[in-house]
Amino acid sequence: MAKVLVVTSGKGGVGKTTTTAALGAAIAQGGQSVCVVDFDVGLRNLDLVMGAERRVVYDLINVVNGDAKLNQAVIRDKRLDTLHLLPASQTRDKDALTDEGVARVMDELREKFDWVICDSPAGIERGAQLAMRHADVAVVVTNPEVSSVRDSDRIIGLLDSKTLKAERGENMDKHLILTRYDPARADRGDMLKTEDVLEILSIPLLAIIPESQEVLRASNLGCPVTLNNPLCAPARAYADAARRLKGETVPMSMPSDRKSFLDKLFMRRAA
Amino acid sequence: MSILGFLNKRASGSVARERLQLILAHERAESGRPDLVITLREEILAVIAKHVAVERDKVKITLERGEGVSTLGVDIELPLSSANTLTAQKQKRAA
């Protein structure tokens with residue numbers, strides 16, 4: 001049974017696309033087939049982060065309108081056979097997506113893949129609502145910062161009211177990924193703590209992604225951070241998140257790149 | 001910065017948390033989502049208002065979740081006149 005997951009946040013620039021690519025690659029590395037879908041019509045970026053920008057021929061709008069078949073538009077990742085991308089259109093806008101068309105494409109994606117991961121556009125309007133509409137699970141991406149938390153709260157409200165699952169009277173399964181977290185600043189009291197954000201939003205924590213240069217480095221290269229450098233702190237945090245989404249119990253830890261002398265010694269031996 | 005100033009300076013993270021709790025409680029109430037703090041605030045305010053005239057924005061309610069125990073803080077600023085009436089009433093009763 002396929003699972004449809006939406007990666008959403010309300011606010012822009014908090015790491016939805018990075019998270020979509022990283023989770024998609026991490027789940028695909030486990031052997032399950034994954035399709036990441038860019039819902040940000042007009043401002044597509046998932047293709048760039050995945051390094052597939054020059055391979056886009058058809059896009060989501062073409063498939064929704066019936067101008068192309070799904071397998072013509074889906075791009076298979078060059079590094080991972082199980083990872084696929086359905087890009088958004090760069091020239092159209094979000095009004096080009098019809099409710100029925102999206103529903104049909106989502107049904108078809110469910111048949112073909114084990115996981116469908118929808119990268120939501122920022123905002124709370126039609127585009128964001130369409131991206132979450134068919135989801136079974138939602139990942140809310142939040143920065144430990146007031147405006148991001150406030151916007152996430154709005155999005156959680158929408159997840160509980162505007163999705164098919166909510167309309168059927170079911171509970172939407174929601175998880176929080178806290179990105180760009182700086183443990184040192186949080187310890188000094190100069191940043192919202194994980195507990196603060198969890199208490200305010202009251203949804204369970206899926207992962208804490210530490211602030212790291214590796215995220216920008218991976219997107220510069222067009223490679224999901226979990227593939228580019230699987231041992232770096234954000235990649236390990238995303239890999240743990242992927243395992244939790246698959247139902248495994250993984251203890252929550254704060255991955256860090258700063259290594260103690262003993263860690264370094266151990267890493268060298270293990271390598 | 002003096003040592004005293006350093007000690008007195010509040011960590012910005014906790015200011016952020018309090019501001020968020022307050023604004024989100026209001027926004028949830030407006031969007032029709034039930035919020036415990038707002039419900040408590042309205043009902044406590046109704047009880048107080050029976051006896052004293054209080055301004056709505058002078059009532060501060062905070063819910064702090066600690067380990068194992070949560071604390072509900074109710075902070076109501078009473079106008080001087082109504083505080084006097086209260087004391088007067090008490091004195092009358094005592095007399």
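**Salt bridges and burial**

Analyst: Let us begin with one residue: Asp99(A) counts as partly exposed, because its relative accessibility is 40%, where buried means under 20% relative accessible area, exposed over 50% and partly exposed in between (1.4 Å probe, protein chains only). This is a predicted model, in which local features need pLDDT of at least 70 and side-chain atom pairs count only at pLDDT 80 or more, while totals for chains, interfaces and linings use all residues. Residues are numbered from 1 along each chain as its sequence is written, chains are lettered from A in the order in which they are written, and side-chain values use heavy atoms, with hydrogens and water left out.

User: Which residue meets Asp99(A) in a salt bridge?

Analyst: A salt bridge is a side-chain nitrogen of Lys or Arg within 4 Å of a carboxyl oxygen of Asp or Glu. Here the partner is Arg126(A), at 3.3 Å from N to O. Asp99(A) lies in helix α5 and Arg126(A) in helix α6, so the pair ties together parts that are 27 residues apart in sequence; helices are DSSP runs (H or I, at least four residues), numbered from the N terminus.

User: How many residues apart are Arg217(A) and Glu214(A) in helix α11?

Analyst: They are three residues apart, which means a separation of about one helical turn, and their closest N and O atoms are 2.8 Å apart in a salt bridge. Glu214(A) is buried at 13% relative accessibility, whereas Arg217(A) is partly exposed at 41%.

Definitions and conventions. Helices (H or I, at least four residues) and strands (E, at least two) are DSSP runs, numbered from the N terminus.
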